[in-house]
Amino acid sequence: MNSAHGAGIDADVPEPGERALARTPIAIIGMAGIFPQALDARQFWSNVVTGRDCTTDVPEQWWRAADHHAPDLFARDKTYSRRGGFLPPMTFDPHEFGMPPAAVDSIGLVQLLSLVVARDVLRDAGCPDATWYDPSRTGVVLGVCGANSTLLPLGSRLITPELRRAARAAGLAERQIDTFIERFLDLAPEWTEDSFPGLLGNIVAGRVANRFGLGGANYTVDAACASSLAALRGAVAELVDHRADLMLTGGCDADNSIVSYLCFSKTPALSPSDRVRPFDRDADGTLLGEGVGMLALKRLADAERDGDRVYAVLRGLGSSSDGRTGSIYAPCGDGQLAALRAAYADAAVAPSSVELIEAHGTGTPVGDTVEARTLATFLSTPGDRHFAAVGSVKSQIGHTKAAAGTAGLMKAALALHHRLLPPTIGVEHPAEAFTPGADQPLYVNTRPRPWIHDARRPVRRAGVSAFGFGGINFHAVLEEHAASHSRAKVTHPAPRAYLWHASDPAALLGVLESGAEPATGPIPADHARLGYVAADAPAADRLRTLATAQLRAQPGHQDWHHAEGIFYRRAALPPGTKVAALFAGQGSQYLDMGHGALLTIPPVRAGFDAAATQPTQGEPLARVVFPVPGGDQAVNAARLRRTAYAQPAIGALSMGQFRFLTELGFTADAMLGHSFGELTALWAAGSLEDDQALARLAVARGRSMEAATQDGDPGAMVSVRLAEATATELAAPFPGLVICNRNAPGEVVLGGPTASVTAFVEECERRTLPAQRLPVAAAFHTDHVRSAVTEFAEALAAEKVGPPTVPVLANTEGATYGHDPEHNRQVLARQLGLPVQFEARLRELYESGVRVFVEFGPRQILSGLVRRTFEAGDVEAVPTDVGVGTDSALALKLAAARLAVIGLPIADINRYDADPPATAPEPSAVARVLVGPNFAVTAVQSALPVPPVVPESPTTDPATTEPAATAPVVRGAHPPPPERAPQDVSPGVPQALADAATEHLTVHNRFLTD
């Protein structure tokens, strides 16, 4: 049996074979790429996470829709699709790569862009500065398929004999035919000594090896749309066999030419609706895309020895052919299943250990159906469902053909690196195999979600598929590299904090107006300071403008805040001002709480990872808090209300928020939790042994309370804004209804039998009194849960509840936490059945000198209680989350910025955000902006003069017609053609016919060059 991972889901997997990749796993240490709407891998990932549709209508630099598009699927020589994913314009500097500028127009776009991407992937892998990097032990294997962009325009020059014969057959004279041919040849680049290598597919890899001095193997592989995973197979073999120490691999495709559109239209595989919707029940085809992507690979052992950043680990790779089938391009489930089995055997892991599948997913109805059924069959696990998110980046960039597998690998590797389940867009109605209620393993993930540990799957894993015409199937198995997570920087969009300070308000205003960069370190106590958090750069500019205007208008104010989240103080709060940390209790939970923070602030996600290590009786915690898209929200919310889920979830979010602020410099002088939050407060004060202790006790507390209510009425709770005496009098007619929380002046919570609570709420509504039924699973702190005290006490007996390092105030009247662990356990256990005296504890904190209350947990319920307890302006209540429908990452960073403005030693709030991309050096004078595969054709044609318009004159004697002057032709790097004698219209050929024939030849050439 497999002992590599110990116990868990892989325990029963057979030992890997002698040549299995599991014995020599491969590290992805670098990646780079150019894809639609993305000039680099960072923008590619940003587009993925934000769900950006990167497809557009076809640009005219590729081909003209007016010439080649028709909505009729069966129109001859036409495509019914006019949309796709097209590479953005790219600056190419031949000087940087030691190439003569004149050669550029003779080299295919895919070769030129591959040099740029190879440069970037070597940089991303750290090669230029690495002592381990040896170019002589580095190779490159790339997937390339289809025609090179230079072949068609060069080939068009060779059809002139046929054109000449066709013109003669049409009755044109030789002199006019010569003019036609001359004009035709002027429309395309000429053959040069660079043309032959410039159009060869294998030179894509060869040119990379040549320009970067690589001594390892270089070659390309054509396996149609599986080319890049076929190339991966070759690159991995070089590493496993120790023929190389570093390999570059990937896929390269810059061919959204009209020829590609015609090929896919006549299959037919393109979407008539011009939408690619993988795994949607209304999917009707794919869209074409372009892309050049590369990965840098090393043996994992070498990468760890050299201290490399590892995006992900390639653990298994499987391949197969469909064998004899009815069609050379129809998908085959049996063939795909064979590749899947081979991949997971090669990885020596259980198929059900995977939680993300980046599928081939083209959006074609037949292809998607076959793939979905095959995956569902292969991954089906009794007793477990919806554990694997399936998606396809083709929904965003189109089908990038030879680069498709690399785009999928990059997406999956970055998902593992960032611990984020990326979305697939365009899916409104998932196909039958992915129905949320179905008892099967897959679901379509339509929005970004945090990838939290599943207690049954201790290692995050992803699978990537790519299939190609000809019946070739590949599947790769990736897994996370835990040691690299501490070095991970968030490269997808995240809110950023902005802080400025100066010696006085006038100086601060000058700093803001000067455009100076914000500060990162602690702020001197006597400095004027201002801060805010912005979701993006435009928002940051707008907030800076607002801040500047308000500071200019109110320079003498000691403090103010703007409604849009700008905070200012003339100086820090006085020395000795104390800070208390408050921790939320049950009832504050909500679906997707902390979502944005988990995606962009790693310590917050780590809190959930710690909580999720505890097994649950049912769905894993992550699937309850962040449910699978498409489910019934009412059912999801009811499930989260269960104490067995709500309490661990609240504790996890509070833990992550507290840890993040602590990293920034936050410390508290005292702590107070509300109900369940008391347990989290003890963890924060160091009373519990570690994060796992909090996770264990949160689960135990929730389960004990759930068990206490299973045999009868669990009861309910209602919050009322009434004085305690009034609430008690009003509740008297309702049996069993008692006050269980005293939260703030004129605000109490009552609990008791469900029928009594329901009737009480109806009575309040009848009297128009403020009453709100709470989203809780039982009547906490009443006799309804008293039996939970004993069960929770048993769980506490196995845990250390030591003396807190800072005071932790107990909710129970007269109770305290101190040096005796047994006493602490008793206080914590009895708290379940006794009323919460929150208002009294707040006042106790105030009397001790606390003026800053920082709330940890979901919503901002406790912050509201603070504001209603004390005079406005007397205290600062700072929530770290503000509730449903808001950006929790922005809220948490804004809390940090506010604390810095208040005067706490907060620094480096954006520590997990990647630095802005480095500014590219100025290109040389010979640099070119390459737009589309026909850039050379465009350059030639843009240099041509506009032909003169000669008015038609049928009665003119040809012998006396004065020929039109021919302007010189400018060809950029190409020498001008020899001068030719001007040609006039041949006898008997009307000028209109001659112009029409010339236009026909122009259009014909454009068809070929497109």
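Helices here are DSSP runs of H or I with at least four residues, and strands are runs of E with at least two, both numbered from the N terminus. The model is predicted, so local features need pLDDT of at least 70 and side-chain atom pairs count only at pLDDT 80 or more, while totals for chains, interfaces and linings use all residues. Residues are numbered from 1 along each chain as its sequence is written, and side-chain values use heavy atoms, with hydrogens and water left out.

**Helix α31 and its ends**

- The end C-alpha atoms of α31 are 21 Å apart, which agrees with the 21 Å that its 15 residues should span at 1.5 Å a residue, the expected span being 1.5 Å times one less than the number of residues.
- Of the 15 residues in α31, 14 are buried, where buried means under 20% relative accessible area, exposed means over 50% and partly exposed lies in between, with a 1.4 Å probe and protein chains only.
- At the N-terminal end, Asp887 caps α31 through a side-chain oxygen that lies 2.9 Å from the backbone nitrogen of Ala889.
- Just after α31, Gly903 has a positive phi of about 130°.

**The loop between α31 and β32**

- Asp908, in the loop between α31 (888-902) and β32 (928-930), is a residue other than glycine with a positive phi near 60°, and its relative accessibility of 35% makes it partly exposed.

Technical notes:
Polar contact = N/O pair within 3.5 Å; in protein donor to acceptor, adjacent residues only side chain to side chain.
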